[in-house]
Amino acid sequence: KGNRIAKGTEFTVTTTMGSITTTDVNSSLPGKQIAANDSGRIQFTFQASDTGGTAFINVSSVSGSATGYTTVLMNSLRIISISSPSLFVSQGQNDVTVNMVVENLGPNTITGLVGGLNFTGPAPDLENRNSDFTDVHRIDGVTSIPSLSTRTLTFSVDVTRNAKTDTVTIDGWISGQIGIAVVSDTFAVSNWKWKIQIPAELRITKVYSVQDTVSQGRTGINVRMDIVNDGEASAHIVLDTLSFWSIEQSVDVTGDYVIKPSDLNPNLITGNGAKEQFDFTVNVGAAATLGEVVINGQIIGTDVNSGEQSIDFTADTTHTWVVKSAPVVGIKGFYPSQIQITRNQSVPWYLTLIMANNGETNVKLEADSLLFLLKGADVTSEYNISDPMSFQVSGDSILHGNSIDTLIYAVNQSGSSTGEITIRCTVYLRDLGTGKLIVDEGLTGISVLDSGRVRIVGLVASQNSATINQNQDWTVS
């Protein structure tokens, strides 16, 4: 710590660029002489030049050895912002757009614009990641910026397949000319970040159904497919379906089936191992190939970042069912004893279920159920039903091979809801040869009417009089 310098002590100020505009107190000496104020300080005004660069400002005492210097960065070209339509990009993604907004702060037009992007990994390492983005090129065509104007430079960026999957910061550099002077900037006021993700990778983990045996012509069979996305990026679903392969014929038999995906199947699967379930309703063709058939899945999705397809046509676990001629064991008919009843009817009526076993092996009735549906609503609880204990012919629960037998359900009390009632009967039978479960359904219907009242409102005779022993017909209405 030294003594304060005296007021009026002169210092010479010089600069390599720009100019010192404060009044020179001693023009007889080179440079600008600035006198110290009452506080022993010197103050001066520096005016930047029109071109960019670094000004080195030197201060030295006129009398004595005191000296000092500072630098001032001058720039008439500035990067205002780096931005992109995307916050997430996938490994291997091409043609990702990045925008750079640049500004000319000076009075002269800047020409010969060239620029580029820099990519930096997350803190604390701040690793240079330019090698993860090997193809970066401009697609805007901007070559100059008029005075006091902004322009947007647009870049197309390709992400390499092995780019690191974390967050990168995107910055940039810009360079141009004012005459022969070069102006530039190497940092944006506002930069951008990307999260690099592993591309969407869809995988079918399982295809399954409760049906192990189906008959030609069978309809309404549910088949389910489980999908997992092993990637990080989400995937839009563009195709979800099933395929069928005959083991015995070694041929694709998908054409033997009608496959309807559920309207509730998801159209997007998020990443990081997210799982989704897809349901299908399958109808077996009347001439479907007999024997063992493997059911596989097919899924196609597109990466939400890149649009690249992710395809899997091979499930980790497939399902196999046996197609038998229609029907091997099945319902031949399902009929009510009357098609119209009155609400709350207490007079019993009957439902007859006729079943046929066209195979050689006996099957056993293990369970059955009746559902009464009014416009899809379950009204079964309104009915009192006596389940049959055995088949009518066999006298027990066995439906013998090459036979037809009957189950009769007694409806002891009818429901109170009126309208068209659909009755669904589901039977579960066990193949005593293979142990496989066979499920079949029958549908019928009845009309439930309001209780009516009958009243004679009048009698009309076809003639007003008749003779004794008249043998000519006449009528009373």
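Tutor: Start with a definition: contact means heavy atoms within 4.5 Å. Now apply it to Asn-296. Leaving aside neighbours within four places in sequence, Asn-296 is in contact with Val-207, Leu-242, Ser-243, Phe-313, Thr-314, Ala-315 and Thr-318. A caution: this is a predicted model, where local features need pLDDT of at least 70, side-chain atom pairs count only at pLDDT 80 or more, and totals for chains, interfaces and linings use all residues. Residues are numbered from 1 along each chain as its sequence is written, and side-chain values use heavy atoms, with hydrogens and water left out.

Student: Why is Asn-296 called buried?

Tutor: Buried means under 20% relative accessible area, exposed means over 50%, and partly exposed is in between (1.4 Å probe, protein chains only). Asn-296 has 15% relative accessibility, so it counts as buried. The residue is found in strand E25, residues 291-303. Strands (E, at least two residues) and helices (H or I, at least four) are DSSP runs, numbered from the N terminus.

Student: Which backbone atom does the side chain of Gln-216 reach?

Tutor: The backbone oxygen of Ala-288, at 2.7 Å. Gln-216 lies in the loop between strand E18 (213-215) and strand E19 (221-229). Its relative accessibility is 17%, so Gln-216 counts as buried. Gln-216 and Val-328 are 112 residues apart in sequence, yet 9.3 Å apart in space, C-alpha to C-alpha.

Student: What makes a nonpolar surface patch with Phe-313?

Tutor: Val-238, Leu-239, Ile-311 and Phe-313 make one of about 330 Å². Like charges are joined within 9 Å, and nonpolar side chains (Val, Leu, Ile, Met, Phe, Trp, Tyr) within 5 Å. Areas come from the Shrake-Rupley method with a 1.4 Å probe; for residues, only the protein chains shown count as cover.

Student: Is Leu-148 buried or exposed?

Tutor: At 64% relative accessibility, Leu-148 counts as exposed. Leu-148 also has a positive phi of about 55°, although it is not a glycine.

Student: How do you know that the chain is more spread out than a compact globule?

Tutor: First, the secondary structure: zero helices and 37 strands. The radius of gyration of the chain is 45 Å, well over the 23 Å that the globule rule gives for 477 residues, so the chain is more spread out than a compact globule. The radius is taken over C-alpha atoms, and the rule is 2.2 Å times the number of residues to the power 0.38. The C-alpha atoms fill a box of roughly 165 × 70 × 45 Å, taken along the principal axes.

Technical notes. Patches are made of residues with over 30% relative accessible area and no salt bridge: like charges are joined within 9 Å, nonpolar side chains (Val, Leu, Ile, Met, Phe, Trp, Tyr) within 5 Å. A salt bridge is a side-chain nitrogen of Lys or Arg within 4 Å of a carboxyl oxygen of Asp or Glu. A polar contact is a pair of N or O atoms within 3.5 Å; within protein, one must be able to donate a hydrogen and the other to accept it, and residues adjacent in sequence count only if both atoms are side-chain atoms.
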